[in-house]
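Welcome! Have a look at the sequence and the structure shown here, and then let us walk through some surface and charge features together.

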Amino acid sequence: MASDRRVDRLEHLMERIEAAVARLAEAQVRTEERLARLEEAVARLAEAQVRTEERLAVLRGHDLQRRYTENAPAYFQRLLRQPRLVPKEELGRLADSAEDRGVLSAFEREQLLWTDVVVLGRRRTTGEETYLAVEVSATVDSSDVLRAADRARLLQRATGLPAIAAAAGEGITPEAERQAARLGVWRVLDGRTYAPDEAHPDTPV
């Protein structure tokens with residue numbers, strides 16, 4: 001009988017241990033589920049923050065473009081004498097004429113029309129009538145510099161006049177700074193104009 005009681009106690013003890021292990025396993029599952037939900041919430045917040053920052057960057061870019069459009073004579077006076085903004089309607093006529101003459105393809109015409117700001121004036125160094133193709137972004141990066149260079153070439157082909165490329169913004173990335181020097185693209189940063197061979201002092205190395 002004593003041995004039977006010991007067996008019963010052992011079995012009862014094993015049942016209690018198994019029940020405790022089961023409860024621990026359930027608690028672990030619930031904890032892992034809560035952690036997974038927390039990680040998902042953090043990921044959603046991070047994504048929302050990225051989207052917000054992207055929207056703010058776009059808004060800043062639009063605001064900068066408006067400023068450079070409205071104040072073109074002041075911003076680009078170091079490059080051109082008597083600079084005047086070329087309205088989008090006038091740029092459209094130039095692009096259409098270039099496509100009709102076979103100077104630009106339909107795709108090139110479309111790219112030219114996407115130029116952020118186009119200015120016409122006389123080059124200070126030569127007095128020659130010259131266009132300026134400007135790409136505007138809150139922070140100028142390599143793609144902005146490339147677009148400025150490409151669209152200046154299209155503008156020169158479309159009009160038969162010299163065209164200068166410029167990228168404008170609040171700041172510039174180091175790679176864009178190096179690329180601007182290679183491609184001969186001017187920079188207008190916080191209202192100050194820098195020639196292709198001039199380093200912007202605040203650009204991180």
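## A cut-off to start with

A residue is called buried when its relative accessible area is under 20% and exposed when that area is over 50%, with partly exposed lying in between. Please keep in mind that this is a predicted model.

Helix H6 covers residues 174-183 and holds both Glu 175 and Arg 178, which sit three residues apart, about one turn of the helix. Their side chains meet in a salt bridge, with 3.2 Å from N to O. Is Arg 178 buried or partly exposed? Arg 178 counts as partly exposed, because its relative accessibility is 44%. Glu 175 is likewise partly exposed, at 33% relative accessibility.

Helix H6 also contains Glu 177, whose partner Arg 187 belongs to strand E7 (residues 186-189), so this pair ties together parts that are 10 residues apart in sequence. The salt bridge between Arg 187 and Glu 177 is 3.1 Å, N to O. Here both ends are covered: Arg 187 is buried, with a relative accessible area of 0%, and Glu 177 counts as buried at 10% relative accessibility.

## A charged network

## A link across the sequence

Which residue forms a salt bridge with Glu 198? The partner is Arg 78, and the closest N and O atoms of the two are 3.2 Å apart.

What about accessibility at the two ends? Glu 198 has a relative accessible area of 30% and is partly exposed. Arg 78, at 40% relative accessibility, counts as partly exposed too.

## A nonpolar patch

Leu 10, Leu 13, Met 14, Ile 17 and Val 21 make up a nonpolar patch on the surface, and together they have about 460 Å² of accessible area. One of these residues, Leu 13, is found in helix H1, which spans residues 2-70. Leu 13 has a relative accessibility of 42%, and therefore it counts as partly exposed.

Technical notes: Residues are numbered from 1 along each chain as its sequence is written. This is a predicted model: local features need pLDDT of at least 70, side-chain atom pairs count only at pLDDT 80 or more; totals for chains, interfaces and linings use all residues. Side-chain values use heavy atoms; hydrogens and water are left out. Patches are made of residues with over 30% relative accessible area and no salt bridge: like charges are joined within 9 Å, nonpolar side chains (Val, Leu, Ile, Met, Phe, Trp, Tyr) within 5 Å. Accessible areas come from the Shrake-Rupley method with a 1.4 Å probe; for residues, only the protein chains shown count as cover. A salt bridge is a side-chain nitrogen of Lys or Arg within 4 Å of a carboxyl oxygen of Asp or Glu. Helices (H or I, at least four residues) and strands (E, at least two) are DSSP runs, numbered from the N terminus. Buried means under 20% relative accessible area, exposed over 50%, partly exposed in between (1.4 Å probe, protein chains only).
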